[in-house]
Amino acid sequence: MEHAELPLDIKLMTVATRALVVLLAVLVVAALGTWALRHPAWTVRAITVQGDVVHQNAVTFRAQLASQMKSGLSGNFLTLDLQRVRALFEAVPWVRRAVVQRDFPNRLKVTIEEHQAVAWWGETGSGRLVNRLGEVFDASPDEGEELPELAGPDHQSAQVWALFQSLQTEFTRLEMGLSRLQLNERGSWSADLDSGTHIELGRGTPDELLARTQRFTATLSQLTARYPGALQSVDLRYPNGYALRVRGVTTVTDVDPNTPQNTR
C-alpha cells in the first residue's frame, strides 16, 4: 500500500509548528529561570567573616562591607561576582588576602588573612609598612608599636627584609638592635643600630654582606675595649678590614673605600 506524499505547505506548517513549540518551551524555561534567580529567597542575608581580624572590628567590618556591596555590586547569592567581592575586601587596610565562598542558601563566608607588619617602608610614619613576606602595603600600625625602618626600591622589598633578618640575628647575638636598613638606587647598602651607629655595608650579595658584618662583630669586643667612647660610624667597604669613627677618636676621615685598609 502506497502512502501519498504530504503537500509542501503542510510540511512547512508542521516544521513551523514544531519550531514554535520548541521556542515557546525555551522562553518558558528562560522566564522560570529568570524568576528563580530574582526570587527574594536568594538575597544575600548575612556575611560571615573569619580568620585574622586583629586590626578590624568584625561587626563594623561586616557592616561597612555590606553597605559597599549594596552600593557597588549587583546580584544575589547565585549571581554575585565573588571575584569583585574579594577585591572589595582586599581593598580594606590590613587585609592581605580574602577568600569568598557561598554558604547555602543565602550567606557569604569570607576568610581574611591580615598583613603582619614587621617594619616601616621608608621613614617612620610614612603610612607604608612591610609584612612578614617582604610585601609593602599601606596602613598605620597600632599606637605605640615600634618598628624598624626598611628602605629601597619597592620591587626589592623582600630582598631588603631578608637581609635585615640575617643582620638582625647577628647583632642580636651581641645584644644590639638594628633600627634601619637601606638599599639605595646605586645598589649600596647601609644600616643604623639602635645605639645610633651608622654602618656602610657597600655592594654585594647577601652572603658577602653578612660576612663583612661578621668580620666586624667578631672584633667588636676588642674595639670597645680599645675605644671606650660611643661608636658613631663603621665602614665595611674595605676588602681587608673596616674603618670606624668613635666619639672623641677619629680613625677615618675622607678615605677612598677602594684603597685597602685595616683598622682592626
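## Overview

Of the 264 residues in the protein chain, 33% count as buried. Buried means under 20% relative accessible area, exposed means over 50%, and partly exposed lies in between (1.4 Å probe, protein chains only). This is a predicted model, in which local features need pLDDT of at least 70, side-chain atom pairs count only at pLDDT 80 or more, and totals for chains, interfaces and linings use all residues. Residues are numbered from 1 along each chain as its sequence is written, and side-chain values use heavy atoms, with hydrogens and water left out.

The protein chain has six helices and 13 strands. Both kinds of element are DSSP runs, numbered from the N terminus: helices are H or I with at least four residues, strands are E with at least two. The accessible surface of the protein chain comes to about 16,000 Å². Carbon and sulfur atoms hold 54% of that surface. Such areas come from the Shrake-Rupley method with a 1.4 Å probe; for residues, only the protein chains shown count as cover.

Contact means heavy atoms within 4.5 Å. Among contacts in the protein chain between residues at least 6 apart in sequence, 42% join residues at least 24 apart.

Strand β8 (178-183) has two partners described here. Two strands pair if DSSP finds at least two bridges between them. Strand β7 (residues 149-151) pairs with β8 in the parallel sense, over three bridges. From β7 the chain crosses through helix α4 (residues 157-172) to β8, and this β-α-β crossover is left-handed. The right-handed case is defined by a clockwise path from the first strand over the helix to the second, with the strands pointing away from the viewer.

β8 also pairs with β9, in the antiparallel sense and over five bridges. R180 of β8 takes part on both sides: E149 stands opposite R180, and R180 stands opposite D192 in β9.

## The β8-β9 hairpin

The hairpin of β8 and β9 has five residues between the strands. There, G187 takes a positive phi near 85°. S188 is found in the loop between β8 and β9 (189-193). S188 is buried, with a relative accessible area of 12%. Leaving aside neighbours within four places in sequence, S188 is in contact with Q182, L183, G202 and R203.

S190 lies in strand β9. At 14% relative accessibility, S190 counts as buried. Beyond its neighbours within four places in sequence, S190 has contacts that include R180, L181 and Q182. H198, I199, E200 and L201 are also among the contacts of S190.

## Salt bridges

A search of the whole structure finds 11 salt bridges. A salt bridge is a side-chain nitrogen of Lys or Arg within 4 Å of a carboxyl oxygen of Asp or Glu. Side chains of opposite charge can pair when their charged atoms come close.

E149 counts as buried because its relative accessibility is 14%. R180 counts as buried at 12%.

The side chains of R173 and E170 form another salt bridge (2.6 Å, N to O). R173 counts as exposed at 54% relative accessibility, whereas E170 is buried at 10%. R186 and E185 also meet in a salt bridge (3.5 Å, N to O), and both of these residues are exposed. Elsewhere, R96, R97, E113 and E135 are linked in a network of salt bridges.

## Leucines at the surface and inside

L20, L23 and L27 form a nonpolar patch on the surface. Together they have about 310 Å² of accessible area. Patches are made of residues with over 30% relative accessible area and no salt bridge; like charges are joined within 9 Å, and nonpolar side chains (Val, Leu, Ile, Met, Phe, Trp, Tyr) within 5 Å. L20 is found in helix α1 (residues 8-37). L20 is exposed, with a relative accessible area of 57%.

L80 is found in the loop between α2 (58-72) and α3 (82-90). L80 counts as buried, at 5% relative accessibility. The C-alpha atoms of L80 and R102 are separated by 9.4 Å, and the two residues are 22 residues apart along the chain.
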